[in-house]
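Work through the exercises below with the sequence and the 3D structure at hand. Each task is followed by a solution in steps.

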Amino acid sequence: MKFTTLHYAKLDRIAVATFSTPENLNGITEARLDELEAVLSDCEVDEELGALILTGEGRAFCVGLDLKLLDKAFNDLDYFDLVVARLNRIITRLENLDIITIVAINGFTRAGGFEISLGCDFMIVADE
């Protein structure tokens with residue numbers, strides 16, 4: 001799979017999804033939502049996997065909605081509702097995975113990024 005906002009790799013029975021847009025503090029964009037959905041779809045069907053780890057590059061795990069997406073959403077409340085519902089479905093899918101989910105929070109996280117982390121079974125936190 002080819003992604004633009006995250007790196008996704010598997011080693012043995014562990015999948016690792018690393019948010020890879022440190023320039024926007026790994027903010028959530030439509031592309032990130034697409035790619036998270038693809039990762040979850042892969043994890044749901046891969047019977048060899050035992051765990052999924054989510055983490056981020058740079059000084060943040062994820063700061064929530066990207067400022068450009070947030071600006072668009074505040075100007076179109078129907079769009080805002082769609083984005084929030086989509087993020088909620090992603091978090092619900094994460095919670096319902098049959099494998100262990102771990103978020104490795106490096107640096108800070110807030111808003112939707114923190115909500116994503118709450119969808120995981122385990123949370124490991126460091127300030128770097």
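**Exercise 1: the largest pocket**

The largest pocket holds about 320 Å³ of space. The model is a predicted one, in which local features need pLDDT of at least 70, side-chain atom pairs count only at pLDDT 80 or more, and totals for chains, interfaces and linings use all residues. Residues are numbered from 1 along each chain as its sequence is written, and side-chain values use heavy atoms, with hydrogens and water left out.

Task: State which helices each supply at least two residues of the lining of the largest pocket, and how the lining divides by residue type.

Solution.

Step 1. On a 1 Å grid over the protein atoms alone, a pocket is an open set of points with protein on both sides within 12 Å along at least five of seven lines, and lining residues have an atom within 4 Å of a point. The lining has 18 residues, and Val63, Gly64, Leu65, Asp66 and Ala111 lie nearest the centre.

Step 2. Helices are DSSP runs (H or I, at least four residues), as strands are (E, at least two), numbered from the N terminus. Helix H2 (67-75), H3 and helix H4 (112-118) each supply at least two lining residues. H3 has the largest share, six residues.

Step 3. Count Ala, Val, Leu, Ile, Met, Phe, Trp, Tyr, Cys and Pro as nonpolar, Asp, Glu, Lys and Arg as charged, and the others, Gly among them, as polar. The lining then divides into 11 nonpolar, four polar and three charged residues.

**Exercise 2: the largest cavity**

Task: Find which residues line the largest cavity, and which element gives the most to the lining.

Solution.

Step 1. A cavity is a set of grid points where a 1.4 Å probe fits but cannot get out. The largest cavity has a volume of about 50 Å³.

Step 2. Its lining consists of Leu36, Val39, Leu40, Leu52, Leu54, Ile90, Leu94 and Ile116. H1, strand S3 (51-56) and H3 each give two or more of these residues.

Step 3. H1 gives the most, with three residues. By type, the lining has eight nonpolar, no polar and no charged residues.

**Exercise 3: two helices**

Task: Describe how the axes of helix H1 (residues 30-45) and helix H3 (residues 77-96) are placed.

Solution.

Step 1. Axes are lines fitted to C-alpha atoms, for helices over the stretch in contact, and angles run from 0 to 180 degrees between N-to-C directions. The axes of H1 and H3 come within 10 Å and cross at roughly 25°.

Step 2. H1 is therefore roughly parallel to H3, a term for angles under 35 degrees.

Notes. Angles under 35 degrees count as roughly parallel, over 145 as roughly antiparallel, 65 to 115 as roughly perpendicular and the rest as oblique. Grid points are joined across faces, edges and corners, and a volume is the space filled by probe spheres set on the points.
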